[in-house]
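Open your viewer and get ready to select residues. This tour goes one stop at a time.

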Amino acid sequence: MRVESLREQVLEANLELVRRGLVLYTFGNASGISRQEGLIAIKPSGVPYEQLTPEQIVVVDLAGNIVEGNLRPSSDLPTHVELYRQCPTIGGVAHTHSEFATAWAQARRSIPCFGTTHADYFKGPVPVTDPLTPDEIQNDYEKNTGIAICRILDKADPMACPAALVAGHAPFCWGADVAEAAHKAVILEYVAKMACRTLSARSDASPLQQELQDKHHLRKHGPGAYYGQAPSR
Ligand SMILES: [Zn+2]
């Protein structure tokens, strides 16, 4: 993939987060990777979204060194890099402080799978990390945030549940590319909101029965998937 088109995709995904109401001011960031070239494109740090241009998207290598761009990359870059390094199938990462998903992260609770909407996108509960230790906060905080996420995700298939909550912070989501990562962030916020509503309606609500969780997840994912249209050949 050419770097220019990666930059445009990353810009578009960042703007999608704003359009969907997931971002206040400059909170949040999305990135995408070209695995062929080993290059990551990410939002610059602290630039208002409405002023963002493709040229301002910063391009870095997998060590986090700036390859192209005059601005500093998002301060969360080391978290994104850690996800890309540890999970070769991840092609895009989106981080927001969206209201309901962040509320679950602050409560340090994983989001239970209460319904089929959740099961369609996220296998099992959306997990929450352990709190970072004082040493992990003082040294390489952003990288250690990525390591904390990688500790709890299913390395065999990070796409089975393409999101995690960082305890006391907010969600990170990912996908095959940056557009998919932003899409997952939007769905996660909706699922997190509905989980709150479910508990308001019934404080002792149980997770969705396992058979229904599996049915909904597996009809969209994996070798037996049959949801939607068959890919064109
Ligand atoms: Zn954050």
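Begin with Gly 32, which sits in strand 1, residues 29-34. Keep in mind that this is a predicted model. Is Gly 32 buried or exposed? Its relative accessibility is 0%, so Gly 32 counts as buried; the cut-off for buried is under 20%.

Gly 32 and Asp 177 are 145 residues apart in sequence. In space, their C-alpha atoms are 6.2 Å apart.

Stay with Asp 177 and show its side chain. Asp 177 caps the N-terminal end of helix 7. Look for a side-chain oxygen of Asp 177 that lies 3.2 Å from the backbone nitrogen of Ala 179.

Next, select helix 7, residues 178-201. How many residues does helix 7 have, and how far does it reach? Helix 7 has 24 residues and reaches 35 Å from its first C-alpha to its last. That is close to the 34 Å expected at 1.5 Å a residue. Colour the buried residues of helix 7, among them Val 178, Ala 181, Ile 187, Leu 188 and Val 191. Lys 184 and Glu 189 are also buried.

Move on to the zinc ion. Which residues coordinate the zinc ion? Select His 95, His 97 and His 169: each uses its NE2 atom, at 2.1 Å. Along the chain, the donors follow the spacing H-x1-H-x71-H. His 97 lies in the loop between strand 5 (92-95) and helix 3 (99-106). His 169 lies in the loop between strand 6 (163-165) and strand 7 (171-175). The pair therefore ties together parts that are 72 residues apart in sequence.

Then turn to the largest pocket. Its volume is about 160 Å³. The largest pocket is lined by 13 residues, and the closest to its centre are Thr 26, Phe 27, Gly 28, Asn 29 and Ser 75. The lining divides into two nonpolar, nine polar and two charged residues.

Finish with two backbone angles. Pick Tyr 25, in the loop between helix 1 (3-19) and strand 1. Tyr 25 is not a glycine, yet its phi is positive, about 45°. At 72% relative accessibility, Tyr 25 counts as exposed. Now go to Asp 140, in the loop between helix 5 (134-138) and helix 6 (141-152). Its phi is also positive, near 55°. Asp 140 counts as exposed, at 55% relative accessibility.

Conventions: Residues are numbered from 1 along each chain as its sequence is written. This is a predicted model: local features need pLDDT of at least 70, side-chain atom pairs count only at pLDDT 80 or more; totals for chains, interfaces and linings use all residues. Side-chain values use heavy atoms; hydrogens and water are left out. Helices (H or I, at least four residues) and strands (E, at least two) are DSSP runs, numbered from the N terminus. The expected span of a helix is 1.5 Å times one less than its number of residues. Buried means under 20% relative accessible area, exposed over 50%, partly exposed in between (1.4 Å probe, protein chains only). A polar contact is a pair of N or O atoms within 3.5 Å; within protein, one must be able to donate a hydrogen and the other to accept it, and residues adjacent in sequence count only if both atoms are side-chain atoms. On a 1 Å grid over the protein atoms alone, a cavity is a set of points where a 1.4 Å probe fits but cannot get out, and a pocket is an open set with protein on both sides within 12 Å along at least five of seven lines; lining residues have an atom within 4 Å of a point. Grid points are joined across faces, edges and corners, and a volume is the space filled by probe spheres set on the points. Ala, Val, Leu, Ile, Met, Phe, Trp, Tyr, Cys and Pro count as nonpolar, Asp, Glu, Lys and Arg as charged, and the others, Gly among them, as polar. Donors are N, O and S atoms within 2.8 Å of the metal (3.2 Å for Na, K and Ca); water is not among the atoms, so sites may look incomplete.
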